[in-house]
Structure formats: structure tokens, C-alpha cells
Amino acid sequence: MTQSALPESAMPAVPPRILLGPGPSNVSPRVLQAMMQPMIGYMDPDFMLIMDEVAELLKRVYQSGDAKTMALSGTGSAGMEAGLTNLLEPGDTVVMCIYGFFCERMVDMATRVGANVVPLRADWGRPFPEELLEAELKRHSKVKLVTAIHAETSTGVRQPIGELARIAKAHDALLMVDAVTSLGGNEVSFDDWGADYAYSATQKCLGCPPGMSPVAVSEQAIDAMRQRKQPPMSWYLDLSLLGNYWGWEGQRVYHHTAPVSMILALREGLRQALGEGLPERYARHARNAHALSAGLEALGLGCIVPAEHRLAQITVVSIPDGVEDMQVRQRLLRGYGIEIGGGLGEFAGKVWRVGLMGESSKAEYVLALLSALERSLPEFGYEVAAGAGVAAASDALKSEG
Ligand SMILES: Cc1ncc(COP(=O)(O)O)c(C=O)c1O
């Protein structure tokens, strides 16, 4: 039997894109090149050294001296699910601060674990009011876990974590923080916060492809896992078993076939982030986001989050009345190769989400998007002054040097 290869014309090509959505973001050539290295065994002593380096670099981006770190095989949701399945047992009480779409995903997961879930719902587009947490924790004799999201990608809000952490600690609860969109783009202060479990994803501000979820776990959380009455229902996401593969207890025990090329990518992404310098990286994200919001506002596209609570890596703007969400996004994609994101949950069809994350946070991408919007919006009945957005963004960039 002969096997004919696919003709080259039938091979699906990946068109170049400027990825300004909520992730994945663009991946640097250095990271792509790192993925092209030869395959190596997942128990090879030289690969173990690479894993050690990744764990060490993760401690630095999480700003932790003592946390145990590793990267789970899976996306950010794997980190979320691992935290909830390992830190909670059926019947444990978890108080969840809810102010966006991804917070609601946590509620769904914790419910499946069989925990006693207490969702505290607050307005989308504003930081979660800390007094709600304080009042709720006073009502319970024992809360095992409090959850919060540092960077709610569905709303663009930067949630101050420090005060939530203080309240959780005062009530002897563990704190789990979602740093999916913040790690590498915002300061994540695992130790200073007093967090017990944090998780992220490779495809956002770390500038890698999607596929891994870097996590940090405190000694207190590890103790809580040791004291479980029964093992977590997920074998694949059992953090104690995975910790044994990552050498948390000294030895290395096979768990599953690690995604070698993704770990190489993550190492390079982390080296690049730390090579740039974390403060410099945060400042770059802030500068470009400021220029973007100045440009969007000059086009009449209002940001839904007040400036002081806005994230630098995702900007959420209202879609003007009468303009159809998908038509504009399709025009940007097909006409200019630029991807931006739509709204989720109660924001679906009402907002656009523009991500400037990691490798995608560049002044030239801000200007490219604004000029593409200036040309596209009038095609869909929304008149804008040509050049106004680009001019406002350029001024903002100039004034910040
Ligand atoms: C804040 C937040 N948490 C969790 C997730 C889920 O991550 P993933 O899509 O990588 O599974 C996302 C995805 O965008 C997110 O923005």
C-alpha cells in the first residue's frame, strides 16, 4: 500500500498575527528556538538540572524564598483545579471572592470537589471590597481556604491581594491566588502577601506558548496536604506526587511523561523575563497600557475600570452603541492580522479586551492597533477623527520617555 504525502498546498499554514487578546500572546524567537532543541528523557539527569533551574527561576518571579515551585502539565485551569482539589476535601469550607468570569470557574471546580462553597459576589469591573471577606469569615468557625484572582482577565481589574491575605491569615485560612494573567507583568509577591498557593499560565505575561501552569506552594499548604484524610480525587494533579517528580523531597519519582519542549520554552521565557529585570518589565507593561488607554479614549472607547485599578496587561473597553463586536474583530484579524478579545459572561458582546502581555506588550503594536481601529471603525458606522488615537498614544509614550 502506498501512502501519499499531503501536497504542500494542503498544509495548513499559521498566518502571522499580532496577538493582542487575552492570551496566548506572541512568543519570542528565543522561546521558539528553545523548543526546537533535541528531545531528552524526562528522567535524564541533565533534564533534572533544567527542571531545577525552572523551579528556581519560578521562585524569583513569584518573589518567594521558601515556596516550593514547579510547572504543571496543563494550562492555567490545571493550576486552578490542582489548588482546589489538593487544598480542599469534601465538606471543607472555602470562601471565594467573586468579581469576574474566572472567579466563577473556581466556584464550579470547588463545587465538584464537594467542598462547602461560599461565594462572595461583588460587582464586575471594580476591585473586590475587602470588608465583605472580613464579615463573612467572622460567620464561620473554620474556613479552610480563601480564594482570589490577582488579575481578573474578564474585567481588567487589578485586585490588591495584601489586605485579603491579611484577613485570611487572621482567620487561620489558607489563601489561594490566581496569578494567571499577572505573573511576569505585575508584581506577584508570594511571600509578602503570605499566599499559600498561587498558579499561573505560560501563555500570557511569561511569553511562552500555552501548555504549562507554574505554581508556588507554601510550607503551610504542604502541611495541609499532608494532613488530608484521603488523597485528592485527581491523580494527575496530585501536587504531592508531582512534587516528588520535581524533587521537592530530595528524590525524583516518575509521575508522568513531562512535556519536555514546553519546559524548555518556560525556562527560556523565565530567563528572558528575569534578564529584562522584573521592575523594568512591569514598567514596560504599564507604559504601553497607558499609551493604549490614552489612544482608545481619544477614539471615544472608554475603559470600564477606573485608572487606578486597571491592569497593564489587559485593557477592557466598552463597545460603542450600534457597533457589532464580531464585525470589528474580524476586520482587525482579516485586514490587519491583529487579534483582540471579546467579552466573557455578562460582558459578552459589550466589551473588547485588548491584551498587551509579555512579548505582545510593545509600543509599535499599540500604534498598529490604534491605526487599524481608526480605519476600521468608520466602516461599521462609528466615525472617529483619523489619527486621533495614534496621536494620543504617541503623546503618552513621549511623555513617559
Ligand atoms: C484569570 C484567569 N484564570 C484562569 C484562566 C484559565 O487559564 P487557561 O485558559 O490557561 O486554562 C484564565 C484564562 O484566560 C484567566 O485569565
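The structure is a predicted model, in which local features need pLDDT of at least 70, side-chain atom pairs count only at pLDDT 80 or more, and totals for chains, interfaces and linings use all residues. Residues are numbered from 1 along each chain as its sequence is written, and side-chain values use heavy atoms, with hydrogens and water left out.

The chain is divided into domain 1 (37-274) and domain 2 (278-399). These bounds come from an automatic or database domain assignment. The centres of the two domains, taken over C-alpha atoms, are 29 Å apart. Domain 1 brings 30 residues to the contact and domain 2 brings 22. Contact here means heavy atoms within 4.5 Å.

The area buried between the domains is about 2200 Å². Buried area is the accessible area (1.4 Å probe) that two parts lose on being put together, summed over both. Carbon and sulfur atoms give 60% of it. In domain 1, Trp-124, Gly-156 and Arg-158 lose the most area to domain 2. Together they make up 23% of what that side buries.

Nine residue pairs, both members at pLDDT 80 or more, are in polar contact between the domains. A polar contact is a pair of N or O atoms within 3.5 Å; within protein, one must be able to donate a hydrogen and the other to accept it, and residues adjacent in sequence count only if both atoms are side-chain atoms. Several elements of domain 1 each supply at least two residues to the side that touches domain 2, among them α2 (45-62), α4 (101-113) and α10 (260-276). Helices (H or I, at least four residues) and strands (E, at least two) are DSSP runs, numbered from the N terminus. The largest share, three residues, comes from α10.

The ligand has 14 residues around it, and Thr-75, Ser-77, Thr-153, Asp-178 and Lys-204 come nearest. A residue counts as near if one of its heavy atoms lies within 4 Å. A backbone N or O atom of Gly-76 lies 2.8 Å from an oxygen atom of the ligand. The side chain of Ser-77 places an N or O atom 2.6 Å from a ligand oxygen. A polar side-chain atom of Lys-204 also lies 2.6 Å from an oxygen atom of the ligand.

The model has 22 salt bridges. Each is a side-chain nitrogen of Lys or Arg within 4 Å of a carboxyl oxygen of Asp or Glu. Between domain 1 and domain 2 the count is zero. Glu-53 forms a salt bridge with Arg-267, with the closest N and O atoms 3.1 Å apart. This pair links helix α2 to helix α10, across 214 residues.
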